[in-house]
Amino acid sequence: MDRFLVTGAAGFIGSHLCERLLGDGARVVGVDRFSTFYEREDKEANLQALRDTDGFDFIEMDLSKDSLEEIVSKVDGVFHLAAQAGVRDSWGKAFSVYLDDNSLATQRLLEACRDRKHKAFVYASSSSIYGDALEGPTKEEAVPRPVSPYGVSKLAGEHLCYLYYRNFGVRTVSLRYFTVYGPRQRPDMAFRRFLTAGIEGKPISVYGDGEQSRDFTFVGDAAEGNYQAMMKGKAGSVYNIGGGHRATLNEVISLMGEIQGAPLEEIREDVQKGDVRHTWADTSLARAEIGFQPKTKLSEGLKAEHEWLLGRIKR
Ligand code: NAD
């Protein structure tokens, strides 16, 4: 029976990944430092079901400071999702947090994984590394040109992965997630803010004209992509993980209105620095090499997130 390390286990995607792995009979060691990017209460809620599940152990620790040798010595593979994840907060003084939680934490974990016989080291990268995508779906070989400090920090992590693969044989696989959504989504992310405002009868702030588009990925599909990357990913490679459901923000807002039974009231605000205009994943490489095939339609995934929020807000 495999035993995996999941970093960022108390986070949005990490907690779903832990459940996916445990559901398959694997054992999981989850670590998280409960960073203050959002409330600890939210993260404890993400962990609630996991803490009661056989085969799950949780360790509160900081990957940028604490000793990592022991935790990596006891597992068959590493899923590295821990990070400071917001794009908009990555400017100015706050960048030092991104250096610690994204760059330094990744380098320390890779260093600890040298000379281990792990199946793989799966790294959570981001579509943010591309910057503004050119026309058509973006392939992995596109020149990365991040337009936010966050994107720069995630790209640095990918480069660290590659050089630990080249020099020390760590079997790294980097996954570039395209906007992940679903139950437990981070409170700073647009779908959660919009759906919450709709439930509470408040207006939503929309940055720009709403014609910006994203390739949205349901969290269950992203978790599955992680598992497939661990089992089948080629060492040293990079794959796009996109849901295959491109939509503009305006389309999403109208879909949310249908789900909630009333249109959302919108307030228009200026475009935010670091936000890209469009993202669009070409996932043919992930499909061919790891069998990645997202299954959840945008309308289904949105309904699932809405249901989850209804449960939380009424509590
Ligand atoms: P999240 O903030 O919910 O989860 C990240 C977790 O990492 C948090 O619980 C945080 O406390 C923990 N963490 C941060 N620094 C740590 C450290 N030094 N030591 C231990 N734990 C630490 O974010 P998420 O949305 O679940 O994102 C997970 C990963 O996926 C991140 O690496 C993020 O950059 C990447 N990603 C997410 C999206 C998305 O749409 N959510 C898109 C692209 C990439």
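**Reading the ligand shell**

Tutor: In this predicted model, β5 gives the most to the shell around the ligand, with 3 residues.

Student: How many residues surround the ligand, and which are the closest?

Tutor: The ligand is surrounded by 30 residues, and D32, Y38, Y150, V180 and R186 are the closest. By class, the shell residues divide into 16 nonpolar, 7 polar and 7 charged.

Student: What is the distance from an oxygen atom of the ligand to an N or O atom in the side chain of Y38?

Tutor: For such pairs the cut-off is 3.5 Å. The distance for Y38 is 2.5 Å, and an oxygen atom of the ligand is 2.7 Å from an N or O atom in the Y150 side chain. A nitrogen atom of the ligand has a polar side-chain atom of D101 at 3.0 Å. Of the 820 Å² of accessible area that the ligand has on its own, the protein covers 98%.

Student: Is S128 buried or exposed?

Tutor: A residue counts as buried under 20% relative accessible area. S128 has 17%, and is therefore buried. S128 is placed in the loop between β5 and α5. Leaving aside residues up to four places away in sequence, S128 touches V87, P146, V147, Y150 and G151. Among these contacts of S128 is Y150, which is also one of the closest residues to the ligand.

Notes:
Residues are numbered from 1 along each chain as its sequence is written. This is a predicted model: local features need pLDDT of at least 70, side-chain atom pairs count only at pLDDT 80 or more; totals for chains, interfaces and linings use all residues. Side-chain values use heavy atoms; hydrogens and water are left out. A residue is near a molecule or strand if one of its heavy atoms lies within 4 Å of it. A polar contact is a pair of N or O atoms within 3.5 Å; within protein, one must be able to donate a hydrogen and the other to accept it, and residues adjacent in sequence count only if both atoms are side-chain atoms. Accessible areas come from the Shrake-Rupley method with a 1.4 Å probe; for residues, only the protein chains shown count as cover. Helices (H or I, at least four residues) and strands (E, at least two) are DSSP runs, numbered from the N terminus. Ala, Val, Leu, Ile, Met, Phe, Trp, Tyr, Cys and Pro count as nonpolar, Asp, Glu, Lys and Arg as charged, and the others, Gly among them, as polar. Buried means under 20% relative accessible area, exposed over 50%, partly exposed in between (1.4 Å probe, protein chains only). Contact means heavy atoms within 4.5 Å.
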